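This briefing is meant for a reader who is meeting the structure for the first time. It begins with the overall make-up of the chain and then turns to a few places that can be followed in the 3D view.

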Amino acid sequence: MLCSCSNIKSKDKIYIGFSQAMSNDDWRRSMNEAMKLQASLDHDVELIICDANNEVQKQISQIDQLIKDSVDIIIVSPILSKPITPIVQKAIDSKIPVLVVDRKTENETYTAYLGADNIEVGRIAANRIIASNSKDSINVVEITGLVGSSPAEERSLGFRKVIDGQPNIKIIETIGGNWESESIEENFKNLLNNSASVDYVFAHNDRMARGVWQVARSLGKENRIRIIGVDGLNTLNGGIQLVKDGVLEATILYPSGGEEAIKLAVEIVKNESFAKNNILTTTVIDKFNVNIMKDQYDKIYEQRAQIENQLEAIGQQQEKYYAQNNLLKVTMGLLAIIFSLALYSIYSIFTIRKKNRQLELTTNKVIVQRGQIEKIAQEVKESNEAKFNLYTGLSHEFKTPITLILSSIESILDTAKVKGIGIMSEVELIYNNSNRLLRLVNQLLDFRKLEDRKFTLRVSKTNLYTFSNTIFKDFEREAKKRNINFTIECNDEALDVYIDRNLMDKVYFNLLSNAFKFTPDNGSISISIINVFEKNIVKVYFSDTGIGIPKSEIENVFQPFFKGSNNRKNSSGMGLHLSKELVELHKGSVVVRSKQGAEFIITLFKGQGHFDENEVMLENDMVDPNQLDFGSDYFDHESYFMENEDSNSEKYSLLIIEDNSDLLLFLKNKLQIEYEIYISNGSDATEKAFEVIPDIIICDVNLPYQTGFEVCAILKRDWRTSHIPTIILTAMGGKESYLEGLQAGADLYLTKPFSYSVLMQSIQSLLFNREKLRYYYTNSINKLDAVSSFNNVEQEFLDRLNRLIKNNLDNSEFNVEQLAVDLAISRMQLYRKVKATLGINVSDYLNNFRLDKAKQLLEKTDLTVSEIAYKTGFSSPNYFSTVFKKKYGAPPNSIRI
Ligand code: FRU
């Protein structure tokens with residue numbers, strides 16, 4: 001607070017501004033400390049100390065500032081009386097009370113004065129000299145304080161008044177000081193050096209008195225001069241210590257009155273009654289009372305220290321209090337918030353409960369409504385499902401009659417071709433339109449499959465150019481007929497891509513049909529395959545010079561059932577939609593451009609990385625049955641004519657298991673020209689097969705009593721029929737049923753509608769394969785043990801057959817009848833099984849076995865012909881010789897030579 005003479009004030013406090021003359025000596029410092037201590041005891045008091053540093057002008061301006069700050073009271077200890085008087089007057093005029101301490105101003109316009117009586121101080125000093133004197137004549141030197149300050153003048157006045165009445169005491173010299181020892185040392189030294197005898201020195205304060213002693217001592221005269229000082233401070237080098245040390249004769253107590261000044265100032269501010277002049281008690285301290293005084297002062301200082309400690313403790317407590325108070329306030333605040341929140345929570349709970357009840361009611365309503373909606377939705381779903389099923393079922397149903405129509409027309413075409421009759425245009429019309437109808441049915445089914453997400457891709461490595469070229473060729477006839485410039489080009493004929501050939505075939509077919517539909521005669525259509533080498537893609541462009549697509553409609557081209565506004569032709573609007581979906585199934589894309597005509601661009605990825613593992617088929621899988629679908633309006637009729645090269649050969653037997661009597665009849669009529677036909681409507685499928693042991697079986701999947709897969713599985717497990725190639729015929733084209741067919745052991749799997757010619761080809765291929773196998777068997781009769789390439793059932797049968805023959809080789813009684821009994825099958829079944837598997841009569845097989853063995857024995861042993869004949873089961877050596885000669889062209893004896 002020192003030096004800070006301007007402060008922001010608080011209303012409740014008493015602001016005391018103290019203008020201290022200086023603070024560079026212990027007396028002033030003890031005054032300041034006493035004031036501060038007293039002020040700190042009173043919380044309402046705010047003390048501002050301004051140190052003028054012994055500069056009069058500074059003191060004036062500091063007091064002026066205190067006036068401006070409107071402190072409640074100003075305490076002034078004037079450096080000099082005269083110059084400070086006007087500013088004190090100004091304060092009084094400004095209604096600020098002024099308490100003058102220690103030194104006085106010139107007039108008595110101040111509010112109050114507090115300090116010791118300096119005239120009395122001078123008197124006490126003089127009386128002390130008189131009292132201690134024993135000599136007749138005494139020389140005294142007076143050393144005064146600063147001229148112009150009231151204590152210096154009054155002390156001198158009091159002193160002289162007493163001394164002047166004493167004839168034997170003479171003031172030989174007065175030295176004017178300024179309260180500090182340096183101000184008098186030189187003059188006093190000179191005095192001592194000149195004047196012989198100085199008995200007493202009265203210095204106006206202890207600091208100058210000590211200076212006198214130091215000068216006297218420097219001249220070795222300290223014991224001869226008695227010195228009296230003023231102040232009587234209990235500090236190091238203070239008056240009490242100097243008296244105690246014998247430096248001073250005595251010191252006159254001059255209390256600073258700091259404590260009393262604050263008390264009085266508060267009383268003045270509070271308008272309590274007070275005295276204008278407040279005189280502090282003074283006394284002499286000499287060797288007689290110095291110890292008591294010191295003890296007293298020590299105790300006072302001790303108490304002060306204690307008070308200060310307590311104040312500090314109080315301060316700390318106060319800080320704690322404020323902190324705790326703040327904490328308490330915060331806690332209270334928080335508690336208030338918690339309480340409010342608790343109240344709000346309770347309110348919310350009630351509101352929520354109420355809302356919950358409302359919500360429950362609403363929920364229940366919604367549940368009821370949802371139930372109703374679900375029921376309606378279920379009904380709608382079921383009704384839709386029923387409609388879809390009807391529509392899908394009908395579509396399936398359409399397929400068989402269409403197949404029959406197509407096959408019948410093919411048959412007519414066959415006959416016409418054989419008889420060399422030209423094909424009527426009406427027949428061609430029926431044929432083309434049946435195909436169109438079939439395609440439409442297929443598209444409807446595909447559309448449904450797409451909707452149900454039931455399309456499973458079965459991609460396989462395909463040469464794109466060859467694939468495209470095959471389809472290209474299907475359309476070439478039409479192009480020729482209409483003089484359309486139809487071309488195909490490719491920048492990389494070796495390029496292989498992974499596609500589902502069946503699905504991509506539909507895409508190509510749709511895009512080309514579209515192009516042909518809208519391109520007028522003499523126009524151009526082109527397929528252009530571009531391998532984009534720098535990227536992992538290939539693009540196929542289908543361009544035509546047709547009517548194109550209006551710009552505003554180009555966006556909608558791939559929407560289902562879309563029909564362009566410039567399209568006057570019949571269109572289902574499904575083809576392009578299906579094409580797009582099918583290309584996208586391949587993770588590819590198809591876009592359309594229309595400038596002069598239309599251009600569809602298919603983009604496909606190269607490689608197989610973009611497909612799931614289970615979508616990728618191995619090459620040379622079972623014949624892809626879908627490849628055999630009818631695909632095109634522009635079918636090359638000539639390819640339908642099948643030449644039967646071997647019409648005179650023994651007929652193979654064929655069992656057809658089919659519950660559709662029309663189809664059954666149709667197939668029977670068609671096939672009986674070349675095969676011996678047995679039929680079953682499915683009710684006795686397996687019995688019939690066991691009975692007949694046909695060379696080939698064609699079996700429908702949807703049979704009334706058991707599925708075609710089950711029939712197939714039973715027959716393939718039984719060794720009587722396990723060897724018979726089986727063709728499964730179905731309207732179901734899914735991957736699952738294809739797999740089921742494979743598991744059941746089917747040799748071929750044809751989806752309806754199937755081409756008759758394809759069926760014929762398939763039958764012939766299977767029979768051919770069977771012949772190959774048979775040839776292999778026949779040529780390995782004696783090696784059969786080592787042959788393991790047959791399926792398990794076949795292997796087991798042949799093992800058993802051969803074992804029985806081997807075990808009975810020397811038994812002439814063992815014949816075909818016995819063999820059938822041992823194999824637990826009928827003689828006829830054995831006959832047909834062996835004939836079908838090994839291609840020969842079973843009795844010939846038995847004889848061959850015996851003859852081969854006999855030949856071996858003839859070559860490798862010394863047994864006689866007769867012995868060998870009996871050993872290999874011939875009843876007589878003569879019969880053995882006859883049959884041996886028949887088989888090997890020479891009698892048995894010739895082997896021996
Ligand atoms: C302190 C002092 C004291 C003296 C007083 C007179 O500054 O010099 O030694 O008694 O002032 O005002």
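Two strands are said to pair if DSSP finds at least two bridges between them, and by that rule strand β8 (residues 200–203) and strand β9 pair in the parallel sense, over three bridges. The structure shown is a predicted model, and everything below should be read with that in mind.

**The chain as a whole**

- The secondary structure of the chain comes to 26 helices and 24 strands, and of its 897 residues 48% are buried.
- Among the contacts in the chain with a separation of 6 or more, 71% are accounted for by residues 24 or more positions apart.
- The chain exposes about 45,800 Å², and carbon and sulfur atoms supply 51% of that area.

- Strand β9, which covers residues 226–231, is mostly covered, since five of its six residues are buried.

**Aromatic pairs**

- A pair of aromatic rings is described by the distance of the centres and the angle of the planes.
- Rings of Phe, Tyr and Trp count as a pair if their centres lie within 6.5 Å, and by this rule the count comes to 19 aromatic pairs.
- One of these pairs is formed by Trp27 and Tyr254, which are stacked at 5.4 Å centre to centre, with 20° between the planes.
- Because Trp27 lies in helix α1 (residues 26–41) and Tyr254 in the loop between β10 and α9 (258–269), the pair ties together parts that are 227 residues apart in sequence.
- Trp27 counts as buried because its relative accessibility is 4%, and Tyr254 is buried as well, with a relative accessible area of 3%.
- The rings of Phe467 and Tyr508 have their centres 5.3 Å apart and their planes at 85°, and the pair is therefore edge-to-face.
- This pair links distant parts of the chain, with Phe467 in helix α12 (residues 464–481) and Tyr508 in helix α13 (residues 501–518), 41 residues apart.
- Phe467 is buried at a relative accessible area of 9%, and Tyr508 counts as buried at 1% relative accessibility.
- Ring pairs also link Phe472, Phe475, Phe486, Phe509 and Phe516 into a cluster.

**Charged side chains over rings**

- Lys104 lies over the face of Tyr113, at 4.8 Å from the ring centre.
- Arg720 lies over the face of Phe690, at 4.1 Å from the ring centre.

- Asn53, which lies in the loop between β2 (45–51) and α2 (56–68), has a phi near 55°, a positive value in a residue other than glycine.
- Asn54 has its place in the loop between β2 and α2, and its phi is positive too, at about 65°, although Asn54 is not a glycine.
- Asn53 counts as partly exposed at 42% relative accessibility, and Asn54 is partly exposed with a relative accessible area of 40%.

**Glu186 in helix α6**

- Glu186 is found in helix α6 (residues 182–194), and at 59% relative accessibility Glu186 counts as exposed, because exposed means over 50%.
- The C-alpha atoms of Glu186 and Val215 are separated by 8.3 Å, while the two residues are 29 residues apart along the chain.

Conventions
Residues are numbered from 1 along each chain as its sequence is written. This is a predicted model: local features need pLDDT of at least 70, side-chain atom pairs count only at pLDDT 80 or more; totals for chains, interfaces and linings use all residues. Side-chain values use heavy atoms; hydrogens and water are left out. Buried means under 20% relative accessible area, exposed over 50%, partly exposed in between (1.4 Å probe, protein chains only). Helices (H or I, at least four residues) and strands (E, at least two) are DSSP runs, numbered from the N terminus. Rings of Phe, Tyr and Trp (its six-membered ring) pair if their centres lie within 6.5 Å; planes under 30 degrees apart count as stacked, over 60 as edge-to-face and the rest as tilted. A charge sits over a ring if NZ of Lys or CZ of Arg is within 6 Å of the ring centre and within 35 degrees of the ring normal. Contact means heavy atoms within 4.5 Å. Accessible areas come from the Shrake-Rupley method with a 1.4 Å probe; for residues, only the protein chains shown count as cover.
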